[in-house]
Amino acid sequence: MAGEDVSAGEAVGAVEAVFREERGLLLASLVRRFGDLDLAEEVTSEAIEAALRHWPAEGVPARPGAWLLTTARRRAVDRLRRDRAYAARLAVLRADAERDETVAPAADIAGAAELPDDRLQLFFTCAHPALAAEDRTAITLRCLAGLTTPEVARAFLVPTATMAQRIVRAKKKIREARIPFRVPGPDELPERLPGVLQVVYSVFTEGYAASSGPRLQRLDLAGEAIRLARILHRLLPAEREAAGLLALLLLVHARRDARTGPEGEPVLLEEQDRGRWDRAMIEEGRDLVVRALTGGPAGPYGVQAAIAALHDEAADVESTDWVQIVALYDVLLTLTPSPVVAVNRAVAVAMRDGPGAGLALLDALAGEPRLRAYPPYAVARGDLLTRLGRAGEAAAAYRSALESAGTEPERAALRRKLGE
């Protein structure tokens, strides 16, 4: 479209498309060049505004991302020329970053691209262990997913001012602690990568099963998590757990259309119309599972993806390979022992050996503090008690789940169960 006249509406649409696809790439390139997130965000916004002024009259350039990067760099240089004290401070930060840098740039890892791809450094900066967990997720969504601060706030159902404070706090920590903008070296990567993957997984989890609000699923948020997981896998193709995470997200998200009914109510796995599952997404996820499980001991995301694949491959609940699923949960418990994994394993054992066997395992977890406000635990007990004909105890379990259920569809489903 270079050189062609376009309408204002077309120009805005083109800018929005470039912004969503390339903002993280652009921002990372600017942070790497100038060493400051605030400056990078400011000049990125100015470049977007300039595009909205120029593109309707001059046409959308053939390489819009490169146009934005050039414009943003010029704005940053102008700013630093005007503010010598700011420039001096950034020079110190840049010197620290260059001294600390011990590995090749992300562009060398990712291969040739229209812009130098520095997103991998930005991933590790945003997910640095020095930041609070909630701040890591917030700044990752802001900087790498390209969500605005109000969008991030809506995603986690907090006031915009609260989310803005989290993002400012994270940026301040990065600046004051001089957290390096770089990919960890080979010796550090095994320790740091799980934190990066966890941030993306946390974003997806909130999208898959919202913690509160009017909807069971936040498909927009789940989609952003998958986009981030794709970027990570593309930048770290040799990391099997990056492949495992992407596989897990795809295999679970493939069921999104069948997980809720006409009124938004949750639909259990055994009741879902499997014809509505996304087969292309399942096939992509299965291929990634093979990569995640090949070449050494499996990691937790690879194992969870294998479990999801077994569910997706089965024609129905009865033909699901519950023996293999229980075996995989046994492996997962050794890798990441947690009461949540133990609950999921107990449900799988109930499908393999009967509701009595599963209930015994769930009852053995009754003293776990982390399960007291975890609705799926009480729901699982209620379902198994119902199958055993113990209606009074099942009702008590459902009432317990109702007290801590976060979304209105969950509460409505539990009220129906109680009514039954």
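Reply: The protein chain has 20 helices and zero strands. Helices (H or I, at least four residues) and strands (E, at least two) are DSSP runs, numbered from the N terminus. This is a predicted model: local features need pLDDT of at least 70, side-chain atom pairs count only at pLDDT 80 or more, and totals for chains, interfaces and linings use all residues. Residues are numbered from 1 along each chain as its sequence is written, and side-chain values use heavy atoms, with hydrogens and water left out.

Me: Why is E318 called exposed?

Reply: Buried means under 20% relative accessible area, exposed over 50%, partly exposed in between (1.4 Å probe, protein chains only). E318 has a relative accessible area of 68%, so E318 is exposed. E318 sits in the loop between α14 (300–313) and α15 (322–335).

Me: What makes E134 and R169 a salt bridge?

Reply: The rule asks for a side-chain nitrogen of Lys or Arg within 4 Å of a carboxyl oxygen of Asp or Glu. In this pair, the closest N and O atoms are 3.0 Å apart, so E134 and R169 form a salt bridge. The pair links distant parts of the chain: E134 is in helix α7 (residues 133–143) and R169 is in helix α9, 35 residues apart. By this rule the count comes to 26 salt bridges.

Me: Why are E134 and R169 called partly exposed?

Reply: E134 has 40% relative accessibility, so E134 counts as partly exposed. R169 is partly exposed because its relative accessible area is 41%.

Me: How do you know that E283 and R286 are separated by about one helical turn?

Reply: They are three residues apart in helix α13 (residues 279–293), which means about one helical turn.

Me: Which salt bridge joins R286 to E313, and at what N to O value?

Reply: The side chains of R286 and E313 meet at 3.1 Å, N to O. This pair links distant parts of the chain: R286 in helix α13 and E313 in helix α14, 27 residues apart.

Me: How many of the 420 residues count as buried?

Reply: Of the 420 residues of the protein chain, 49% count as buried.
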